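Thanks, everyone. I'll keep this short. Please have the structure open while I talk.

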Amino acid sequence: MRFLLLMAAVLPPVVIVAYVHGRDGNTAAPRLVWEGFLLGTCAGIVALGTVHLLSRVGVDSGNALVKALTDSFFRAGLLEEAAKLATVVIFAWNHADRRAPHDLLVVAAAVAGGFAALENIGFLLDRSDWPMIAATRALLSAPGHIFAAAVGGACLAYTELGGGRMLWWAMALILPAMLHGLYDFPLMLGSAALQGRSGDLGYAAVLPLILSAAVVLTGAVLTSTASRRVHKRQSDHQGIVETSIHHDPWLSRHQFRGRIWRIGGIVLLVIAIAFMTASLFRAEIALATIGLPCAFYAWACFSRGQLLLARWLTILPMDRGWNKRLFR
Amino acid sequence: MDGEVRAIRDEEALLRIFVGRNPEPFVHALRSGKTTKWSGSLFNPVCLFFPLVWFFYRRMFFYGAVLMVAPIIIAVLFPNAIGTIGTGLSGAVAVISSWLYVTYAQNRIASIERSGQPESVRDELIRKAGGTSVAGAVFGAVVTAAWVVVALAAIPKSLPACTSDAVRDTIRNGVIEQRQQHGFDASVTVTDLTETGHDGQRSRSCEFTISTPQGTNRLQGEMSWVNPATDQFKMQFKGPAH
């Protein structure tokens, strides 16, 4: 059971980081990305320790709104994003495999993925209702962490691409902190408002989740836009950048990886369908909330697999140079 | 024979370039590795107490991160064995860290050597791939300090004894609140508090006698933490005592 719990905590961030890496055209070295993921746990420990120390000296104002504001924007937003940013900066600037400014976006996403995995473990451990919490966190918290940090990573990339360095450094912290705060605020205010109430809570219970989901979606759109812009700016700035040896295919490796991702997608799709069907027949909404993230991750796995397939099909009739230009 | 000696000397020279500051312990580890002799000087005391600081200072981020993640995974999968495994892991890391670094350096050097670049470029690449990072060491120290804080916070705090005044007041206030909801007055006394059991530091079971103008009842309740940091606990009434 504990192994399942561990998988439920770790796999969603892994899939999202792999997806961001794949969407990005696999430009960053895999070693860089997955080391960043592991180091994300360091950021998690630093944030956890700091939050714990602050909880000792913190003054409780008694006002739920003020508490939700300080908790979401300062404790969760600013502190956690600062820990992630420090990890990204120290790690990425010291890593020999970092080739281009754009790698910072993927590294930031990877560090946030590790952070989210550690946070998931903390939230799921010793809870009887952990499948439900895991499902909610897989759908909202993990993508929220990763997309917010990726936006910060894009700002870091801009610091290397010239113009307004100090501004971009500040934005690398402020933008993710704002996104994180906006994500947490409705949830924290909602939980404070609903404390002690029971029975059918209706929209009061669902509305904070909808607002937080909207923030996660905004983060995803911002990440996608920022990724494109950084790529373009990097090309303008440096011309065609020499890519790492990790760009060298080849076919068998890509085919194999694509297949693995698609198999993962099929497994998740089957689980999602099973949960959805069970939810319909037994009229239990709880089962659907587990099925929904499974469907989401199935789609992410398929997309990752398709990207590898598309990449393979595109490079097949071309030489390596063309491939590099195409995916820049 | 001459070629072999030259190869070893070159390997040492490349390792010195890779290591940067204070290369002697690692050159010694390289020689020990070749002769498969272990000597006490390979033991790394810094690594025993501050492994993250050392690994991040030496820019071995992957190994540092694995050292960070491994205890977490062990703690989740085998919560009772974490103490033993953790101590063994620390000792093992202190013993093998120098060899680990040399192996890591050799792999990086070999991959750069295979790149086919001119010798001066390769030397520069090796220097950049290795070296030290003061920022990394500071980061490692911060993470270690945070670990200590988190570990101390994870030690469960003792719940107050059933016979303490704080527990008596909590029970009394709870009963008064319930009575007032049903239109009764606040004249309640709580006596004969006794402990009937506990589940580690998570919960404590108590029995107590509630005396009101309507009568006297012997009840039981379970005490648990709301927030140990602020000494907040709650008492859940479990009905009449058996």
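First, a caution. This is a predicted model. Keep that in mind for everything I say about it.

Let's start in chain A. Take helix α4, residues 103-124, and helix α5, residues 130-160. Their axes are 7 Å apart. The angle between them is about 155°. Angles over 145 degrees count as roughly antiparallel, so α4(A) is roughly antiparallel to α5(A). The crossing of α4(A) past α5(A) is right-handed. What classes of residue make up the contact of α4(A) with α5(A)? There are 22 nonpolar residues, six polar and one charged.

Staying in chain A, look at α3(A) against helix α6, residues 165-194. These two pack with axes 7 Å apart, at about 145°. Here too, α3(A) passes α6(A) in a right-handed crossing. The contact of α3(A) with α6(A) has 19 nonpolar residues, four polar and five charged.

Now the contact between the chains. Chain A puts in 26 residues, and chain B puts in 26 residues. Which elements of chain A give two or more residues to the side that touches chain B? They are α1 (2-23), α2 (30-57), α3 (64-93) and α4. The most comes from α2(A), with 14 residues. By class, the chain A side that touches chain B splits into 16 nonpolar, seven polar and three charged residues.

On to chain B. It is divided into domain 1, residues 2-154, and domain 2, residues 165-240. How many Å separate the centres of domain 1 and domain 2 of chain B? The figure is 56 Å, taken over C-alpha atoms.

Next, a helix pair in chain B: α6, residues 82-113, and α7, residues 119-129. Their axes come within 10 Å and cross at roughly 150°. That means α6(B) and α7(B) are roughly antiparallel to each other. The crossing of α6(B) and α7(B) is right-handed. Let me name the residues in this contact. From α6(B) we have Arg108(B), Ile109(B), Ile112(B) and Glu113(B). From α7(B) we have Arg122(B), Leu125(B), Ile126(B) and Ala129(B). By class, the contact of α6(B) with α7(B) has five nonpolar residues, three charged and no polar.

Now the sheet. Chain B has an open sheet of four strands, in the order β1-β2-β3-β4. The pairing is antiparallel. Which strands are at the edges? They are β1 (189-199) and β4 (232-240) of chain B, each pairing on one side only. From one strand to the next, the twist averages 30°.

Let's walk along the strand pairs. β2(B) and β3(B) pair in the antiparallel sense over 10 bridges. They form a hairpin, with two residues between the strands. One bridge to find on screen: Ile210(B) has Asn217(B), in β3(B), as its partner.

Then comes the next pair. Strand β3, residues 215-227 of chain B, pairs with β4(B) in the antiparallel sense over seven bridges. Two bridges to look at here. Ser224(B) has Lys234(B) as its bridge partner in β4(B). Asn227(B) has Gln232(B), also in β4(B).

Last item: what lies across this sheet? Helix α9 of chain B, residues 165-181, lies across β1, β2 (203-212), β3 and β4 of chain B. Helix α9 runs at about 115° to β1(B).

To recap. In chain A, α4(A) packs on α5(A) at about 155°, and α3(A) packs on α6(A) at about 145°. The chain contact takes 26 residues from each of chains A and B. Chain B has two domains, with centres 56 Å apart, and an open four-stranded sheet with antiparallel pairing. That's it from me. Over to you.

Terms used: Residues numbered from 1 in each chain as written. Chains lettered and ligands numbered in written order. Predicted model: local features only at pLDDT ≥ 70, side-chain atom pairs only at ≥ 80, totals over all residues. Axes fitted to C-alpha atoms, helices over the stretch in contact; angles between N-to-C directions. Parallel < 35°, antiparallel > 145°, perpendicular 65-115°, else oblique. Left-handed = near helix turned anticlockwise from the far one by under 90°. Nonpolar A, V, L, I, M, F, W, Y, C, P; charged D, E, K, R; others polar. Pairing = 2+ DSSP bridges. Contact = placed C-beta atoms within 7 Å. Domains from an automatic or database assignment.
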